[in-house]
Amino acid sequence: METALKHPVDEMLPPARLGLLGLQHVLAMYTGCVTVPLVFGAAAGLDTRTIGLLVNADLLVAGLITLLQALGIGNVLGIRLPVVAGATFTAVTPMILIAGQYGVQAVYGSMLAAGVFGILIAVPFARAVRFFPPVVTGSVITVIGLSLIGVAAGLITGQESAAGYASPAKLALAFGIVLVIVLVGRFARGLLGQLGVLIGLVGGTVVAIFLGMTDFSNVGGAAWLGIAQPFHFGPPQFPLAAVISMCVVMLVTFTESTADMLAVGEMTGRPVTSRDLARGLAAEGVSGVLGGVMNGFMDTVFGQNVGLVGITKVRSRYVAAVAGGILVLLGLIPKLGGIVAALPGPVVGAAGLVMFATVAAVGIGILGRVDFENTGNLLIIAVTIGVGLLPVVAPKIYQSFPAWAQVIGGSAITSAALTAFVLNLLFNHTGRRASATQ
């Protein structure tokens with residue numbers, strides 16, 4: 001009788017089914033998760049062995065946070081819903097800027113500080129979600145996607161000073177991978193249809209091997225089992241501008257994850273309360289702390305896994321817990337990280353191009369829910385996108401400013417988030433317009 005009364009979210013499925021469903025969640029999010037360390041590592045000029053270390057740390061932290069979200073710790077951490085966490089694209093551009101201005105130690109120091117900030121503000125943020133309506137989230141997410149397309153292009157073409165820059169072979173390989181992703185998305189069904197990016201990566205790598213574009217020489221020296229030491233790059237550093245920038249990233253990540261957590265609550269029949277939301281957001285703050293210590297990345301709830309819950313109708317949070325366990329195991333295999341890190345630039349760039357453009361498309365979809373009648377929302381969106389993309393189209397626009405201003409203003413995500421938040425307050429939360437809309 002006790003089992004019959006158990007909510008589907010708390011249902012423990014048979015082990016075989018639990019394992020297969022958990023693996024399905026990992027396959028759905030794996031490519032998106034490892035793309036972040038690949039893009040950041042390449043842009044920061046790290047060697048292949050170090051990028052492999054970042055891949056393992058990324059998977060390890062994602063697995064631990066997924067376990068935390070699914071199982072929870074008391075009334076403090078974890079939303080206890082079938083959500084899967086993975087590295088957020090939101091942090092990529094700010095991390096690259098911070099690495100270039102202050103070094104990698106500052107990247108992980110500012111991430112750690114942002115994680116502590118996230119834990120501290122989880123409760124008040126959960127109560128103040130109304131200050132982050134679709135006009136803010138949609139504008140910022142659109143800018144995130146558009147700002148990262150240039151990074152994907154750089155991976156495809158290679159450095160301008162290097163031999164073979166934008167060679168026909170590189171471009172043909174990249175566009176071939178995009179074509180494969182499109183065809184899989186158009187004609188495949190079920191789980192296979194969701195694995196287009198992963199299939200494109202594998203197929204593109206095989207072609208790249210025959211074209212002589214790959215170098216797996218570092219893979220042989222990687223261990224089968226191991227874990228990177230904390231603070232691999234040295235003691236963390238905390239430049240104020242870097243910390244501010246990453247704290248803004250944490251706020252944007254909170255906003256993005258809030259929508260996904262609320263959606264999962266509706267799908268599973270367990271509505272998310274403000275307390276539930278605060279626990280889930282606090283767990284994402286923990287990802288910043290773990291990422292800063294373990295050389296990983298800040299995590300967010302992955303939208304593709306939210307979609308998978310809707311498709312499969314499987315509501316058990318223990319499926320997500322199994323996915324988290326699999327990610328932890330993958331994060332403890334350095335040889336796997338070495339293989340992923342050795343993927344050639346055009347292959348990673350092609351996958352990134354599709355994924356980053358998808359992020360922009362998601363933002364545009366959110367903007368479709370915005371009320372444009374008798375509001376200043378159109379102007380908010382226009383100015384946010386304009387200010388956010390300025391450092392993308394003119395990377396040196398803030399070069400005459402102090403270093404801290406370059407890090408904050410030079411980040412498309414940070415500048416767009418600050419602009420959208422302030423303009424939304426100005427137009428929708430002050431004066432007669434605010435009272436008219438309430």
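Predicted model: local features only at pLDDT ≥ 70, side-chain atom pairs only at ≥ 80, totals over all residues.

**Entry 1: L281.** I started with L281, which sits in helix 10. Its relative accessible area came out at 0%, so I logged L281 as buried. Which residues does L281 touch, leaving out those up to four places away in sequence? I got A122, F125, A126, F254, T258 and M261.

**Entry 2: helix 4 and helix 10.** Next I checked how helix 10 (residues 274-294) lies against helix 4 (residues 104-127). Their axes come within 7 Å and cross at roughly 175°. Angles over 145 degrees count as roughly antiparallel, so I put helix 4 down as roughly antiparallel to helix 10. On the helix 4 side, the residues that meet helix 10 include Y108, L112, G115, I119, A122 and F125. On the helix 10 side, I noted L277, L281, G285, V289 and G292 among them. Sorting this contact by class gave me 16 nonpolar, seven polar and no charged residues.

**Entry 3: cores.** How many residues are in the largest nonpolar core? I read off 114, and those with the most contacts inside it are F40, M95, Y108, M246 and F297. Helix 9 (residues 240-268) gives the largest share of this core, twelve residues.

**Entry 4: T384.** Then I moved to helix 15 (residues 377-393), where T384 lies. Buried or exposed, this T384? Buried, because its relative accessible area is 0%. A polar atom of the T384 side chain lies 2.7 Å from the backbone oxygen of I380. Beyond four places in sequence, T384 touches S139, V143, A416, T419, A420 and L423.

**Entry 5: whole chain.** Last, I took the totals. The protein chain has 18 helices and two strands. Of its 438 residues, 52% count as buried. Among contacts with a separation of 6 or more, 83% join residues 24 or more positions apart.

Note on methods:
Residues numbered from 1 in each chain as written. Heavy atoms only, no water. Helix = DSSP H or I, 4+ residues; strand = E, 2+ residues; numbered from the N terminus. Buried < 20%, exposed > 50% of the residue type's maximum accessible area, 1.4 Å probe, protein only. Polar contact = N/O pair within 3.5 Å; in protein donor to acceptor, adjacent residues only side chain to side chain. Contact = heavy atoms within 4.5 Å. Axes fitted to C-alpha atoms, helices over the stretch in contact; angles between N-to-C directions. Parallel < 35°, antiparallel > 145°, perpendicular 65-115°, else oblique. Nonpolar A, V, L, I, M, F, W, Y, C, P; charged D, E, K, R; others polar. Core = buried A, V, L, I, M, F, W, Y, C linked by side-chain atoms within 4.5 Å.
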